[in-house]
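Here is a short report on a structure with helices to look at. Please keep the sequence and the model open while you read.

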Amino acid sequence: MTETDLERRLRGALSARATAVTSHHLRPDPAPSQAAASRTAASRGTPGLRRSAGRWWLPLTAGLAAAAVSITAFAVLRPTEPAPAPPASPASPTQPAVPSPTVPPSETPAPIPTASIPAPAETVGPSDNARPAETTAAGSARPAGTIGPTDNARPAETAGPTNDIHEDKAETEAATTGTAAEPTPG
Amino acid sequence: MIFVLPMPTSLLRWWRGASASPVAAAVSAAPAIDELYRERRLPLVRLAVLMVDDLPTAEDIVQDVFTRLYRRHGTALTAVADPNAYLVSSVMNAARSALRRRRIARAYLPPRPDPAPAAEDEALLGTGDREVIRALGRLTARQRQVIVLRYWSGLSEQEIAGTLRITTGTVKSTAHRALTLLRAQLGER
(Lines give C-alpha, C1' and ligand atoms only; values in the text may rest on other atoms or scores of the structure.)
Protein backbone atom coordinates (compact mmCIF):
# COMPACT_ATOMS: atom_id res chain seq x y z
CA MET A 1 0.00 0.00 0.00
CA THR A 2 1.50 3.29 -1.05
CA GLU A 3 1.47 6.48 0.91
CA THR A 4 -1.10 8.05 -1.38
CA ASP A 5 -3.44 5.10 -1.10
CA LEU A 6 -3.23 5.14 2.66
CA GLU A 7 -3.91 8.85 2.83
CA ARG A 8 -6.83 8.50 0.47
CA ARG A 9 -8.32 5.72 2.51
CA LEU A 10 -7.85 7.71 5.65
CA ARG A 11 -9.54 10.78 4.23
CA GLY A 12 -12.43 8.74 2.89
CA ALA A 13 -13.02 6.85 6.11
CA LEU A 14 -12.82 9.93 8.28
CA SER A 15 -15.18 11.85 6.01
CA ALA A 16 -17.67 9.01 5.97
CA ARG A 17 -17.57 8.65 9.73
CA ALA A 18 -17.97 12.36 10.29
CA THR A 19 -20.75 12.66 7.74
CA ALA A 20 -22.64 9.94 9.53
CA VAL A 21 -23.14 12.38 12.38
CA THR A 22 -25.76 14.92 11.38
CA SER A 23 -27.62 17.56 13.26
CA HIS A 24 -30.56 15.22 13.63
CA HIS A 25 -28.46 12.91 15.74
CA LEU A 26 -27.55 15.63 18.17
CA ARG A 27 -29.62 16.04 21.26
CA PRO A 28 -31.26 19.44 21.68
CA ASP A 29 -28.84 21.01 24.11
CA PRO A 30 -29.40 24.70 24.82
CA ALA A 31 -26.75 27.30 24.19
CA PRO A 32 -24.23 27.68 27.01
CA SER A 33 -25.45 31.12 28.02
CA GLN A 34 -29.05 29.99 28.12
CA ALA A 35 -28.08 26.84 29.98
CA ALA A 36 -26.14 28.85 32.52
CA ALA A 37 -29.03 31.28 32.90
CA SER A 38 -31.55 28.51 33.39
CA ARG A 39 -29.19 26.74 35.77
CA THR A 40 -28.70 29.92 37.75
CA ALA A 41 -32.40 30.59 37.84
CA ALA A 42 -33.09 27.03 38.89
CA SER A 43 -30.49 27.02 41.61
CA ARG A 44 -31.14 30.47 43.01
CA GLY A 45 -34.34 31.71 41.50
CA THR A 46 -35.57 35.25 41.43
CA PRO A 47 -37.84 34.91 44.48
CA GLY A 48 -34.99 33.28 46.33
CA LEU A 49 -32.73 36.11 45.30
CA ARG A 50 -35.17 38.63 46.67
CA ARG A 51 -35.58 36.58 49.80
CA SER A 52 -31.83 36.39 50.35
CA ALA A 53 -31.49 40.11 49.68
CA GLY A 54 -34.29 40.90 52.10
CA ARG A 55 -32.76 38.75 54.77
CA TRP A 56 -29.87 41.09 55.50
CA TRP A 57 -31.66 42.57 58.48
CA LEU A 58 -32.12 39.20 60.11
CA PRO A 59 -28.78 39.05 62.01
CA LEU A 60 -29.15 42.68 63.00
CA THR A 61 -32.60 42.06 64.42
CA ALA A 62 -31.43 38.92 66.15
CA GLY A 63 -28.62 40.82 67.83
CA LEU A 64 -30.94 43.59 68.98
CA ALA A 65 -33.43 41.07 70.32
CA ALA A 66 -30.72 39.25 72.24
CA ALA A 67 -29.51 42.52 73.72
CA ALA A 68 -33.04 43.51 74.75
CA VAL A 69 -33.63 40.15 76.39
CA SER A 70 -30.36 40.41 78.30
CA ILE A 71 -31.11 43.93 79.54
CA THR A 72 -34.65 42.99 80.57
CA ALA A 73 -33.48 39.91 82.40
CA PHE A 74 -30.88 41.93 84.26
CA ALA A 75 -33.41 44.59 85.22
CA VAL A 76 -35.96 42.05 86.45
CA LEU A 77 -33.64 39.72 88.24
CA ARG A 78 -31.44 42.38 89.78
CA PRO A 79 -31.43 42.21 93.65
CA THR A 80 -33.30 45.22 95.07
CA GLU A 81 -31.95 45.06 98.68
CA PRO A 82 -28.37 45.86 99.38
CA ALA A 83 -26.10 43.01 99.90
CA PRO A 84 -25.74 41.84 103.55
CA ALA A 85 -22.68 43.05 105.33
CA PRO A 86 -20.03 40.54 105.99
CA PRO A 87 -19.78 39.23 109.55
CA ALA A 88 -18.01 41.58 111.86
CA SER A 89 -14.58 40.51 112.83
CA PRO A 90 -12.92 41.54 116.07
CA ALA A 91 -11.05 44.73 115.66
CA SER A 92 -7.38 44.52 115.55
CA PRO A 93 -5.48 46.55 118.16
CA THR A 94 -3.79 48.65 115.56
CA GLN A 95 -6.96 49.56 113.67
CA PRO A 96 -8.94 52.61 114.89
CA ALA A 97 -12.41 51.93 116.16
CA VAL A 98 -15.36 52.66 113.88
CA PRO A 99 -18.61 53.45 115.71
CA SER A 100 -21.70 51.59 114.58
CA PRO A 101 -24.84 53.28 115.86
CA THR A 102 -27.18 50.61 114.61
CA VAL A 103 -25.99 48.01 117.05
CA PRO A 104 -27.93 48.24 120.34
CA PRO A 105 -25.73 48.43 123.39
CA SER A 106 -27.69 45.87 125.32
CA GLU A 107 -26.93 43.14 122.85
CA THR A 108 -23.26 43.53 123.07
CA PRO A 109 -21.75 42.24 126.22
CA ALA A 110 -19.61 44.83 127.84
CA PRO A 111 -16.19 43.51 128.34
CA ILE A 112 -14.33 44.33 131.47
CA PRO A 113 -12.06 47.16 130.61
CA THR A 114 -8.53 46.81 131.69
CA ALA A 115 -5.65 49.09 131.40
CA SER A 116 -3.69 46.92 129.11
CA ILE A 117 -6.47 45.78 126.74
CA PRO A 118 -8.75 48.48 125.39
CA ALA A 119 -12.41 47.84 124.95
CA PRO A 120 -13.80 46.73 121.60
CA ALA A 121 -14.75 49.38 119.13
CA GLU A 122 -18.50 49.01 119.47
CA THR A 123 -18.58 49.37 123.23
CA VAL A 124 -16.17 52.20 123.87
CA GLY A 125 -17.57 55.47 122.57
CA PRO A 126 -21.29 56.14 122.50
CA SER A 127 -22.33 53.24 124.70
CA ASP A 128 -20.62 54.75 127.71
CA ASN A 129 -23.60 57.05 128.37
CA ALA A 130 -26.01 54.18 128.87
CA ARG A 131 -23.62 51.88 130.51
CA PRO A 132 -25.00 50.25 133.64
CA ALA A 133 -23.56 51.11 136.99
CA GLU A 134 -22.16 47.77 137.77
CA THR A 135 -20.19 47.77 134.63
CA THR A 136 -18.72 51.16 135.36
CA ALA A 137 -18.04 50.59 139.01
CA ALA A 138 -14.44 50.23 138.22
CA GLY A 139 -14.33 53.75 136.88
CA SER A 140 -11.69 54.57 139.44
CA ALA A 141 -9.34 52.43 137.53
CA ARG A 142 -9.85 54.49 134.41
CA PRO A 143 -7.38 57.07 133.42
CA ALA A 144 -8.00 60.54 134.73
CA GLY A 145 -8.86 61.95 131.33
CA THR A 146 -11.86 59.67 130.90
CA ILE A 147 -13.48 60.30 134.26
CA GLY A 148 -14.97 63.75 133.63
CA PRO A 149 -17.33 63.12 130.72
CA THR A 150 -18.56 59.83 132.04
CA ASP A 151 -19.45 61.18 135.50
CA ASN A 152 -21.88 63.79 134.20
CA ALA A 153 -24.22 61.23 132.78
CA ARG A 154 -23.80 58.66 135.43
CA PRO A 155 -26.80 57.88 137.60
CA ALA A 156 -26.85 59.08 141.21
CA GLU A 157 -26.67 55.70 142.77
CA THR A 158 -23.68 54.86 140.75
CA ALA A 159 -21.79 57.96 141.78
CA GLY A 160 -20.16 56.41 144.76
CA PRO A 161 -16.67 57.44 144.04
CA THR A 162 -17.83 60.92 143.22
CA ASN A 163 -19.52 61.32 146.67
CA ASP A 164 -16.38 60.15 148.27
CA ILE A 165 -14.56 62.86 146.49
CA HIS A 166 -17.09 65.48 147.67
CA GLU A 167 -16.89 64.23 151.26
CA ASP A 168 -13.19 64.42 151.07
CA LYS A 169 -13.49 67.97 149.86
CA ALA A 170 -15.89 68.82 152.71
CA GLU A 171 -13.61 67.32 155.28
CA THR A 172 -10.74 69.27 153.99
CA GLU A 173 -12.79 72.45 154.00
CA ALA A 174 -13.94 71.77 157.60
CA ALA A 175 -10.47 71.08 158.65
CA THR A 176 -9.39 74.33 157.25
CA THR A 177 -12.32 76.36 158.69
CA GLY A 178 -12.84 74.38 161.94
CA THR A 179 -16.71 74.62 161.84
CA ALA A 180 -19.62 72.58 160.61
CA ALA A 181 -18.02 69.44 159.54
CA GLU A 182 -18.80 67.55 162.61
CA PRO A 183 -21.78 65.33 162.62
CA THR A 184 -24.72 66.33 164.67
CA PRO A 185 -25.75 64.05 167.51
CA GLY A 186 -28.75 61.94 166.78
CA MET B 1 -25.30 61.15 66.95
CA ILE B 2 -25.55 59.38 63.63
CA PHE B 3 -24.84 55.70 63.37
CA VAL B 4 -23.76 54.46 59.98
CA LEU B 5 -24.30 50.75 59.74
CA PRO B 6 -22.15 48.87 57.24
CA MET B 7 -24.03 47.29 54.39
CA PRO B 8 -24.28 43.53 54.90
CA THR B 9 -22.29 41.21 52.71
CA SER B 10 -25.36 39.50 51.34
CA LEU B 11 -26.79 42.81 50.25
CA LEU B 12 -23.50 43.79 48.63
CA ARG B 13 -23.33 40.47 46.83
CA TRP B 14 -26.90 40.86 45.66
CA TRP B 15 -26.25 44.42 44.52
CA ARG B 16 -23.13 43.39 42.61
CA GLY B 17 -24.87 40.39 41.09
CA ALA B 18 -27.89 42.40 40.07
CA SER B 19 -25.80 45.13 38.50
CA ALA B 20 -23.28 43.07 36.52
CA SER B 21 -24.15 39.43 36.29
CA PRO B 22 -23.40 37.25 33.30
CA VAL B 23 -27.05 36.49 33.03
CA ALA B 24 -27.97 40.15 32.79
CA ALA B 25 -25.15 40.76 30.32
CA ALA B 26 -26.34 37.85 28.23
CA VAL B 27 -29.77 39.39 28.03
CA SER B 28 -28.54 42.86 27.13
CA ALA B 29 -25.50 42.20 24.92
CA ALA B 30 -25.36 40.22 21.75
CA PRO B 31 -24.59 36.63 22.69
CA ALA B 32 -21.56 35.93 20.52
CA ILE B 33 -21.08 32.58 22.16
CA ASP B 34 -24.55 31.49 21.11
CA GLU B 35 -23.80 32.22 17.48
CA LEU B 36 -20.51 30.39 17.78
CA TYR B 37 -22.32 27.50 19.37
CA ARG B 38 -24.83 27.28 16.55
CA GLU B 39 -22.15 27.45 13.88
CA ARG B 40 -19.46 25.25 15.37
CA ARG B 41 -21.29 22.67 17.38
CA LEU B 42 -21.79 20.07 14.66
CA PRO B 43 -18.23 20.21 13.26
CA LEU B 44 -16.86 19.96 16.76
CA VAL B 45 -19.08 17.00 17.58
CA ARG B 46 -17.88 15.29 14.41
CA LEU B 47 -14.31 16.00 15.39
CA ALA B 48 -14.93 14.56 18.83
CA VAL B 49 -16.65 11.52 17.33
CA LEU B 50 -13.58 10.83 15.21
CA MET B 51 -11.52 10.97 18.36
CA VAL B 52 -13.62 9.00 20.82
CA ASP B 53 -15.82 7.08 18.33
CA ASP B 54 -18.84 7.58 20.53
CA LEU B 55 -21.58 10.12 19.83
CA PRO B 56 -22.92 10.70 23.38
CA THR B 57 -19.42 11.13 24.72
CA ALA B 58 -18.61 13.51 21.87
CA GLU B 59 -21.68 15.60 22.61
CA ASP B 60 -20.74 15.78 26.26
CA ILE B 61 -17.26 16.87 25.37
CA VAL B 62 -18.46 19.68 23.14
CA GLN B 63 -21.03 20.85 25.64
CA ASP B 64 -18.43 20.93 28.41
CA VAL B 65 -16.06 22.88 26.20
CA PHE B 66 -18.65 25.52 25.44
CA THR B 67 -19.67 25.73 29.07
CA ARG B 68 -16.08 26.26 30.16
CA LEU B 69 -15.62 28.88 27.47
CA TYR B 70 -18.70 30.73 28.67
CA ARG B 71 -17.70 30.57 32.31
CA ARG B 72 -14.19 31.77 31.62
CA HIS B 73 -14.78 34.46 29.03
CA GLY B 74 -18.46 35.31 29.22
CA THR B 75 -20.62 35.90 26.19
CA ALA B 76 -18.66 38.58 24.35
CA LEU B 77 -15.51 36.46 23.79
CA THR B 78 -13.46 39.60 23.36
CA ALA B 79 -10.53 38.14 25.27
CA VAL B 80 -10.24 35.17 22.92
CA ALA B 81 -8.13 35.88 19.85
CA ASP B 82 -9.30 32.93 17.76
CA PRO B 83 -12.37 31.22 19.20
CA ASN B 84 -12.34 28.48 16.57
CA ALA B 85 -8.78 27.44 17.32
CA TYR B 86 -9.55 27.67 21.00
CA LEU B 87 -12.52 25.36 20.62
CA VAL B 88 -10.64 22.82 18.48
CA SER B 89 -7.81 22.72 20.99
CA SER B 90 -10.22 22.35 23.87
CA VAL B 91 -12.12 19.55 22.17
CA MET B 92 -8.89 17.73 21.41
CA ASN B 93 -7.72 18.01 25.00
CA ALA B 94 -11.07 16.91 26.35
CA ALA B 95 -11.19 13.97 23.96
CA ARG B 96 -7.72 12.95 25.03
CA SER B 97 -8.81 13.08 28.66
CA ALA B 98 -11.86 11.00 27.84
CA LEU B 99 -9.72 8.39 26.10
CA ARG B 100 -7.39 8.31 29.09
CA ARG B 101 -10.31 7.78 31.46
CA ARG B 102 -11.70 5.10 29.20
CA ARG B 103 -8.38 3.30 29.12
CA ILE B 104 -8.15 3.37 32.90
CA ALA B 105 -11.71 2.13 33.20
CA ARG B 106 -11.01 -0.71 30.83
CA ALA B 107 -8.02 -1.71 32.93
CA TYR B 108 -10.25 -2.20 35.98
CA LEU B 109 -13.52 -3.33 34.43
CA PRO B 110 -14.23 -6.64 32.72
CA PRO B 111 -14.06 -6.42 28.93
CA ARG B 112 -17.31 -5.77 27.20
CA PRO B 113 -18.21 -6.80 23.68
CA ASP B 114 -18.02 -4.07 21.10
CA PRO B 115 -21.41 -2.51 20.47
CA ALA B 116 -23.04 -3.39 17.23
CA PRO B 117 -22.79 -0.57 14.68
CA ALA B 118 -25.90 1.31 13.87
CA ALA B 119 -27.75 0.63 10.67
CA GLU B 120 -26.93 4.07 9.34
CA ASP B 121 -23.25 3.53 9.95
CA GLU B 122 -23.52 0.22 8.17
CA ALA B 123 -25.12 1.94 5.24
CA LEU B 124 -22.77 4.91 5.10
CA LEU B 125 -19.52 3.21 5.98
CA GLY B 126 -18.15 0.55 3.76
CA THR B 127 -16.10 -2.35 4.91
CA GLY B 128 -12.86 -0.59 4.12
CA ASP B 129 -13.89 2.47 6.05
CA ARG B 130 -14.83 0.46 9.12
CA GLU B 131 -11.44 -1.23 9.01
CA VAL B 132 -9.73 2.12 8.89
CA ILE B 133 -11.81 3.44 11.78
CA ARG B 134 -11.07 0.31 13.76
CA ALA B 135 -7.36 0.69 13.05
CA LEU B 136 -7.54 4.31 14.14
CA GLY B 137 -8.95 3.11 17.45
CA ARG B 138 -5.79 1.16 18.11
CA LEU B 139 -3.55 4.20 17.89
CA THR B 140 -2.62 6.28 20.84
CA ALA B 141 -4.55 9.41 21.59
CA ARG B 142 -1.77 11.68 20.40
CA GLN B 143 -1.35 9.76 17.13
CA ARG B 144 -5.08 9.83 16.53
CA GLN B 145 -5.17 13.57 17.17
CA VAL B 146 -2.49 14.19 14.61
CA ILE B 147 -4.10 11.94 12.01
CA VAL B 148 -7.55 13.45 12.45
CA LEU B 149 -6.32 17.01 12.38
CA ARG B 150 -4.17 16.36 9.37
CA TYR B 151 -6.44 14.24 7.17
CA TRP B 152 -9.89 15.40 8.19
CA SER B 153 -9.45 18.98 9.39
CA GLY B 154 -6.76 19.62 6.79
CA LEU B 155 -4.47 21.51 9.12
CA SER B 156 -0.82 22.01 8.35
CA GLU B 157 1.90 20.72 10.60
CA GLN B 158 2.43 24.15 12.11
CA GLU B 159 -1.29 24.52 12.85
CA ILE B 160 -1.41 21.07 14.36
CA ALA B 161 1.58 21.94 16.51
CA GLY B 162 -0.12 25.15 17.64
CA THR B 163 -3.38 23.41 18.39
CA LEU B 164 -1.87 20.57 20.34
CA ARG B 165 0.85 22.77 21.89
CA ILE B 166 3.64 20.56 20.67
CA THR B 167 6.55 21.17 18.32
CA THR B 168 6.45 20.66 14.59
CA GLY B 169 9.02 17.92 14.85
CA THR B 170 6.81 16.05 17.28
CA VAL B 171 3.94 16.38 14.82
CA LYS B 172 6.04 14.96 12.01
CA SER B 173 7.38 12.05 14.01
CA THR B 174 3.99 11.24 15.49
CA ALA B 175 2.33 11.28 12.08
CA HIS B 176 5.04 9.11 10.58
CA ARG B 177 4.74 6.56 13.38
CA ALA B 178 0.95 6.53 13.12
CA LEU B 179 1.00 6.01 9.36
CA THR B 180 3.46 3.18 9.76
CA LEU B 181 1.19 1.44 12.25
CA LEU B 182 -1.89 1.99 10.08
CA ARG B 183 -0.13 0.68 7.03
CA ALA B 184 0.93 -2.38 8.92
CA GLN B 185 -2.54 -3.04 10.28
CA LEU B 186 -4.40 -2.37 7.06
CA GLY B 187 -1.85 -4.18 4.91
CA GLU B 188 -2.20 -7.36 6.88
CA ARG B 189 -5.81 -7.69 5.92
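In chain B, 69% of the contacts with a separation of 6 or more join residues 24 or more positions apart. Two residues are in contact if their C-beta atoms, placed from the backbone, lie within 7 Å. In chain A the corresponding figure is 33%.

This is a predicted model: local features need pLDDT of at least 70, side-chain atom pairs count only at pLDDT 80 or more, and totals for chains, interfaces and linings use all residues. Residues are numbered from 1 along each chain as its sequence is written, while chains are lettered from A and ligands numbered from 1 in the order in which they are written.

**The two chains**

The table puts the chains side by side. Helices (H or I, at least four residues) and strands (E, at least two) are DSSP runs, numbered from the N terminus. A residue is buried if 20 or more other C-beta atoms lie within 10 Å of its own, exposed if 12 or fewer, and partly exposed in between; C-beta atoms are placed from the backbone.

**A helix pair in chain B**

Two packed helices are described by the angle between their axes and the distance between the axes. Helix α4 (residues 55–73) of chain B packs on helix α5 (residues 83–108) of chain B at about 130 degrees, with the axes 9 Å apart. Therefore α4(B) is oblique to α5(B). Axes are lines fitted to C-alpha atoms, for helices over the stretch in contact, and angles run from 0 to 180 degrees between N-to-C directions. Angles under 35 degrees count as roughly parallel, over 145 as roughly antiparallel, 65 to 115 as roughly perpendicular and the rest as oblique.

Which residues meet here? On α4(B) they are B:Thr57, B:Ile61, B:Val62, B:Asp64 and B:Val65; on α5(B) they are B:Leu87, B:Ser90, B:Val91, B:Ala94, B:Ala95 and B:Ala98. The residues of this contact divide into eight nonpolar, two polar and one charged. Ala, Val, Leu, Ile, Met, Phe, Trp, Tyr, Cys and Pro count as nonpolar, Asp, Glu, Lys and Arg as charged, and the others, Gly among them, as polar.

**The largest nonpolar core**

A nonpolar core is a set of buried Ala, Val, Leu, Ile, Met, Phe, Trp, Tyr and Cys residues joined through C-beta atoms within 7 Å. The largest one has 47 residues, and B:Ala48, B:Ile61, B:Val62, B:Val91 and B:Ala95 touch the most other members. Elements giving two or more residues include α1 (3–19) of chain A, as well as α3 and α4 of chain B. The largest share, eleven residues, comes from α3(B). Leaving out residues up to four places away in sequence, B:Ala95 touches B:Ala48, B:Met51, B:Val52 and B:Ile61.

**Single residues**

B:Gln145 lies in helix α8 of chain B. B:Gln145 is buried because 26 C-beta neighbours sit inside 10 Å. B:Gln145 and B:Arg96 are 49 residues apart in sequence, yet 8.3 Å apart C-alpha to C-alpha.

B:Asp53 has a positive phi, near 55 degrees. B:Asp53 lies in the loop between α3 (32–52) and α4 of chain B. With 16 C-beta neighbours inside 10 Å, B:Asp53 counts as partly exposed. Phi of B:Arg165 is also positive, near 60 degrees. B:Arg165 has 10 other C-beta atoms within 10 Å, so B:Arg165 is exposed.
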